[in-house]
Amino acid sequence: MKLSSLKMRLFLIVFASTAVIGGCTVLLIIFIAVQNELQESKQQVYQLMDAVEYSAAIAGYSGNKEIANDVIKGLLRSDNVCQARLYNKTGLDIASSKYTGENKCPETIARDLHSPFDEQEIVGHLETRMDNTFIRERARREAGQLAISLLALIILPGLVIWQTIARLITIPIHYLSRQLHQITPGTSARIKSISGRKEDEIVQLAHDVNHLLGVVEDTLIEEREQRLLIKEMKQKYQHLAHHDMLTGLPNRSLFADRLQQMLAQAKRSISHGALVYLDLDKFKPVNDTLGHDVGDLVLKEIAQRLQTAVRESDTVARIGGDEFVVLLPTIESKQDAGTVAEKIRHALDQPFEIGEHTIHIGCSIGIAVYPEHGDDEISLMKNADTAMYQAKQNGRNNVQMYFEGMNPYSVAGKWPTDTAET
Amino acid sequence: MMRHILLTCIFLWTGAACAEPGITIIANSNNEMGALTRKQVADIYMGRITSLPNGSIPLPLDYQGDSEVRTRFYQSITGKNMAQINAYWARLSFTGQANPPRRLADKAAVLQVVEKNQDAMGYVDTLVPEAKVAPLLTVE
């Protein structure tokens, strides 16, 4: 049992106070007993001296040693007297002591002896010394016996009080506390109440703690659900922020990130990367003639085909109404990019079957390759765009690789036909 | 006789002597004690004084039985009654070291011893003039 535990502390407090009270009582009893005994013994010595006074007076008056001896012997017979002396001026001096050597009895009781025939005349003196050491010892012995029985009388209630408090309070609290300590809040675990106990504060406490545990569990469950909901929503909105809602492809923002990543990666490993820019050729008329619903379905199908056409590590993004880009982060050469682009063009050149409609879309593709056609996002984008417009100008549904000197003004979309190159 | 004394007492109303006749303590005419005080008499009779300044041992004499004069004598010199005096002697003589005064039959015997013995002393109610003893002290 730990020293700081309730039961141990209660035990220590009850017994420390019992010991202190008991000790003080015993000391007080012994002190009072000794004082009383001394007082009483003194009284007895006085009475004894009263009893022998007349004989002593006769001895003093007549100078009779025999009587004086009898008186002294009589006095010494008392336990309370350790020394007695009878003397007068005319040579009588009888003294006797129980102890030899040092004087153990400092307290003297003396009285004058008056002549039996003349109250005025003093015929001798009687002195006794009280045996205080013996009286004290006797008092202590007697008080000690009383104190032991009294101590038992004090310790017994102490035990009863300790046991009662332990049974009523400490043990139940210890029981509840140990159970509560093992319970993780929010679980379905509850305290087992004390069986066969009356509805008192401790049982009430157990009930209330259980109620509290219930509330905590409900709250935690609710909170967990809400957290889950928030997480889902967060994921959803994060997806929405970075993806195109219709096709589910990465949007311009996520694409910009991926492009940046691709360039950083390519710079570190001194490898190639390609940016494939494609613009749908005949999409606007679909929207205009067949409606946005059909247009949307076409866009979804395009996204599908694009993803099927590229590898897992490649990124397909929709960056405008009918504009897409494909990032190819790991290519061996320009030719690889061209192959992929051609695959894409072919995929989109196949007719789309939407309901009863058969639709032809097709696309124009421009490619810019890192590091040959630019070593940053802006130049790569610009050059891929330039190449794409070149493809448009070349009659659509074809792939153009950028090259140095390709007319940049074509980006603006109002390039003159005479500046176009192949 | 009684009537005569009574009459005398009535006539001599102021005379204290008539109320009770005094007791005279007597000694041998050759004694060297001179006048004694009542206390000295008591000390001798109660056995406290056992020797005199000149070295002689005083011989106090007493009467047998608790006679009227004896009672008056002890009452006068010690202030105690006979029972107390007897108790005192009983205690003292038990030790074997002290003895009460010698007790004689009557006044005549006392006078006879006092006349003969130089250390003897006694007491009498009325002192006859023809006795050859020295009066030491008269008490009421």
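**Figure 1. Salt bridge between Glu121(A) and Arg48(B) in the predicted model.** In this predicted model, the side chains of Glu121(A) and Arg48(B) form a salt bridge, with an N to O distance of 2.8 Å. Side chains of opposite charge can pair when their charged atoms come close. Across the interface of chain B and chain A, two salt bridges are found by the rule. The count over all chains comes to 23 salt bridges. The pair shown here crosses between chains: Glu121(A) belongs to strand β4 (residues 118-130) of chain A, while Arg48(B) is located in the loop between α2 and β2 (59-63) of chain B.

**Figure 2. Contact and buried area between chain B and chain A.** The interface brings 13 residues of chain B into contact with 13 residues of chain A. About 1,300 Å² is buried between the two chains, and carbon and sulfur atoms give 57% of this area. Of the area that chain B buries against chain A, 44% is supplied by Arg48(B), Tyr88(B) and Arg91(B), more than by any other three residues. Arg48(B) is also the chain B partner of Glu121(A) in the salt bridge of Figure 1.

**Figure 3. Polar contacts and composition of the chain B side of the interface.** Seven residue pairs, both residues at pLDDT 80 or more, are in polar contact across the interface of chain B and chain A. On the side of chain B that touches chain A, helices α2 (38-45) and α4 (82-94) of chain B each supply at least two residues. The largest share of this side, four residues, is contributed by α4(B). By class, the residues of this side comprise five nonpolar, three polar and five charged.

**Figure 4. Nonpolar surface patch on chain A.** Leu229(A), Met233(A), Tyr237(A), Leu240(A) and Met245(A) together make a nonpolar surface patch of about 540 Å². One of these residues, Tyr237(A), is part of helix α4 (residues 201-242) of chain A.

**Figure 5. Cis peptide bond between Tyr370(A) and Pro371(A).** Tyr370(A) and Pro371(A) are joined by a cis peptide bond, for which omega is about 0°. Pro371(A) is situated in the loop between β10 (363-370) and α9 (377-393) of chain A.

**Figure 6. Positive phi at Arg396(A).** Arg396(A), a residue other than glycine, has a positive phi value, near 60°. This residue, Arg396(A), occupies the loop between α9 and β11 (399-401) of chain A.

Key: Residues are numbered from 1 along each chain as its sequence is written. Chains are lettered from A and ligands numbered from 1 in the order in which they are written. This is a predicted model: local features need pLDDT of at least 70, side-chain atom pairs count only at pLDDT 80 or more; totals for chains, interfaces and linings use all residues. Side-chain values use heavy atoms; hydrogens and water are left out. Contact means heavy atoms within 4.5 Å. Buried area is the accessible area (1.4 Å probe) that two parts lose on being put together, summed over both. A salt bridge is a side-chain nitrogen of Lys or Arg within 4 Å of a carboxyl oxygen of Asp or Glu. A polar contact is a pair of N or O atoms within 3.5 Å; within protein, one must be able to donate a hydrogen and the other to accept it, and residues adjacent in sequence count only if both atoms are side-chain atoms. Ala, Val, Leu, Ile, Met, Phe, Trp, Tyr, Cys and Pro count as nonpolar, Asp, Glu, Lys and Arg as charged, and the others, Gly among them, as polar. Patches are made of residues with over 30% relative accessible area and no salt bridge: like charges are joined within 9 Å, nonpolar side chains (Val, Leu, Ile, Met, Phe, Trp, Tyr) within 5 Å. Accessible areas come from the Shrake-Rupley method with a 1.4 Å probe; for residues, only the protein chains shown count as cover.
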